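Trainee: I would like to learn how to read the features of a model such as this one, starting with its strands. Could you take me through them step by step?

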Amino acid sequence: MAAGARVVLLGPPGAGKGTQAKLLQDRFAARQISTGDILRKAVAEQTPLGKQASEYIRRGELVPDRLIIDLVADRLKEKDCETGFVLDGFPRTIAQAQSLEEILKKTGLALDCVLSVQVPHKLIVERLSGRRTCKGCGALYHVVFDPPKAAGICNGCGGELFQRDDDREETISNRLRVYDNQTAPLASYYRERGLLREIDGVGEVEAIGKRVVRALG
Ligand code: AP5
């Protein structure tokens, strides 16, 4: 992966986008931009955006494009994106993908690659229902696949681990439906533009990390 690379991670909920984006950020200084994390912070702080987004997130629906697109456009202008970025959870609709193209074009930039991480739906419920996230630093754990050393406590910063509200089984089913209907069509969109590379997302985190790095070239 070249310095300054601009990458999109595509994949269903629980595919491991956040996990792999963090590895890429550590390894290549390409900033992880997670729209889910930005929205959850806005909800926790009860900002106007958070108040508008919270009900959509709770139901597992997509937040309207108009709320997300400007947010990403502003985020990409920040200095830390100059050394490249990994978009995790954006774009999720064709309209978002078209807007991203426009946003980058304005500064003479373009995406280098879209990595589609593929995991069968049956594995996803298992991954999401066991996910725990650190309140302090955002580190990800899994109660079975990657448990913390002390239950409920982050290995890195000692922060408290929590379970996301949208990781309940009925919401997970809706998130998967929404993914199939609204986000999966992005694979063809990016394939037609010659940007799509597909990764098998089943296996150990490190093995998948190697596949990701190989696909980035
Ligand atoms: P968002 O936060 O983006 O959620 P998501 O796309 O549903 O993806 P997840 O974060 O659930 O999964 P992931 O693929 O990152 O997996 P992870 O690495 O955590 O979005 C949440 C909501 O915000 C949306 O529903 C929507 O409402 C809204 N939203 C966000 N962006 C939006 C947008 N652009 N437009 C409109 N609305 C938007 O891994 C999952 C678990 O599996 C972890 O516990 C991890 O430790 C474990 N794991 C990872 N890899 C492996 C492995 N190889 N083996 C075993 N376990 C593994």
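Mentor: We begin with accessibility: a residue is called buried under 20% relative accessible area, exposed over 50% and partly exposed in between, with a 1.4 Å probe and protein chains only. Helices (H or I, at least four residues) and strands (E, at least two) are DSSP runs, numbered from the N terminus. The model is a predicted one, in which local features need pLDDT of at least 70 and side-chain atom pairs count only at pLDDT 80 or more, while totals for chains, interfaces and linings use all residues. Residues are numbered from 1 along each chain as its sequence is written, and side-chain values use heavy atoms, with hydrogens and water left out.

Trainee: Which way do the residues of β1 point?

Mentor: R6, V8 and L10 point one way from β1, V7 and L9 point the other way, and all of them are buried. Because five of the five residues of β1 are buried, this strand is largely enclosed by the rest of the structure. Strand β3 (residues 85-88) can be read in a like manner, with F85 and L87 pointing one way, V86 and D88 the other way, and all buried.

Trainee: How many bridges does β1 share with β3?

Mentor: Two strands pair if DSSP finds at least two bridges between them. β1 and β3 pair in the parallel sense over four bridges, with V8 standing opposite L87 in β3 and L9 having D88 as its bridge partner there. Four bridges also join β1 to strand β4 (residues 113-118), again running parallel, and V7 stands opposite C113 in β4. Strand β2 (residues 31-34) is joined to β3 by four bridges and runs parallel to it; here S34 has D88 as its bridge partner.

Trainee: In what order do β5, β6 and β7 lie in their open sheet?

Mentor: The three strands form an open sheet in the order β6-β5-β7, and the pairing is antiparallel. β6 (140-142) and β7 (161-162) stand at the edges with a single partner strand each, so one side of each is left without a neighbour in the sheet. Three bridges join β5 (residues 131-134) to β6, and among the residues concerned, R131 has H142 of β6 as its bridge partner.

Trainee: What should I look for in the backbone?

Mentor: Most residues other than glycine have a negative phi, and most peptide bonds are trans. In this model a cis peptide bond joins F90 and P91, with omega about -5°, and P91 is placed in the loop between β3 and α5. A29 has a positive phi, near 55°; it is found in the loop between α1 (17-28) and β2 and, at 47% relative accessibility, counts as partly exposed. Q46 also has a positive phi, near 55°, and lies in the loop between α2 (35-44) and α3 (48-59), where its 57% relative accessibility makes it count as exposed.

Trainee: How many aromatic pairs does a search of the whole structure find?

Mentor: Rings of Phe, Tyr and Trp (its six-membered ring) pair if their centres lie within 6.5 Å, with planes under 30 degrees apart counted as stacked, over 60 as edge-to-face and the rest as tilted. The search finds one aromatic pair: Y189 and Y190 are edge-to-face, 5.1 Å centre to centre, with 90° between the planes. Both Y189 and Y190 are buried.

Trainee: Which charged end sits over the ring of Y189?

Mentor: A charge sits over a ring if NZ of Lys or CZ of Arg is within 6 Å of the ring centre and within 35 degrees of the ring normal. The charged end of R193 sits over the ring of Y189, 3.6 Å from its centre. Elsewhere, R59 lies over the face of Y56, at 5.6 Å from the ring centre.
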